[in-house]
Amino acid sequence: MAPDLFTFVRHPGLPPTKNMSERTRRRVVLHRKIRLMFGSITGMQTYSTLMTCMMTWDAQGKDLMGKVHGAIMAN
């Protein structure tokens, strides 16, 4: 376990904490809790998946609407 604590030292550019991923996930969880319009587990899972994809694409600087449109058209 101890070697894993210093992975960020061996890999330049890797953050020493997981704060960014925790903050990102927290936004989705809070938003889901606030919105009580989900009537099913499937609706909640679909929303969570879509939000995860959108936040990832946003963090990568990708075109959100283009990616969402592409994902919808692929199904």
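Visitor: How much of the chain counts as buried?

Guide: Of the 75 residues, 11% do. The cut-off for buried is under 20% relative accessible area.

Visitor: Why is Thr56 called partly exposed?

Guide: Thr56 has 36% relative accessibility. Buried means under 20% and exposed means over 50%, with partly exposed in between, so at 36% Thr56 counts as partly exposed.

Visitor: Which residues of helix 4 are buried?

Guide: Those are Tyr47, Ser48, Met51, Met55 and Trp57. As background, an α-helix has 3.6 residues a turn, so residues three or four places apart point the same way.

Visitor: How do you know what span to expect for helix 4?

Guide: The expected span is 1.5 Å times one less than the number of residues. Helix 4 covers residues 41-59, which is 19 residues, and 27 Å is expected. From its first C-alpha to its last, helix 4 reaches 27 Å, close to that expected value.

Visitor: What follows helix 4?

Guide: Gly61 does, and its phi is positive, near 75°.

Visitor: What lines the largest pocket?

Guide: The lining has 14 residues, and Met20, Ser21, Thr24, Arg25 and Met55 lie nearest the centre. Helix 3 (19-34) and helix 4 are the elements that give two or more residues to this lining. Helix 3 gives the most, with 9 residues. About 300 Å³ of space lies in this pocket.

Visitor: What kinds of residue does that lining divide into?

Guide: There are 5 nonpolar, 4 polar and 5 charged residues.

Visitor: Where is confidence lowest and where is it highest?

Guide: Helix 1 (residues 2-5) is lowest, at a mean pLDDT of 72, and helix 5 (residues 64-74) is highest, at 82. The mean for the chain is 77, and 85% of its residues reach 70 or more. Where pLDDT is low, the predicted coordinates should not be read in detail.

Conventions:
Residues numbered from 1 in each chain as written. Predicted model: local features only at pLDDT ≥ 70, side-chain atom pairs only at ≥ 80, totals over all residues. Heavy atoms only, no water. Helix = DSSP H or I, 4+ residues; strand = E, 2+ residues; numbered from the N terminus. Buried < 20%, exposed > 50% of the residue type's maximum accessible area, 1.4 Å probe, protein only. 1 Å grid on protein atoms, 1.4 Å probe; cavity = no way out; pocket = protein on both sides within 12 Å on 5 of 7 lines; lining within 4 Å. Points joined across faces, edges and corners; volume = space filled by probe spheres on them. Nonpolar A, V, L, I, M, F, W, Y, C, P; charged D, E, K, R; others polar. pLDDT = per-residue confidence, 0-100.
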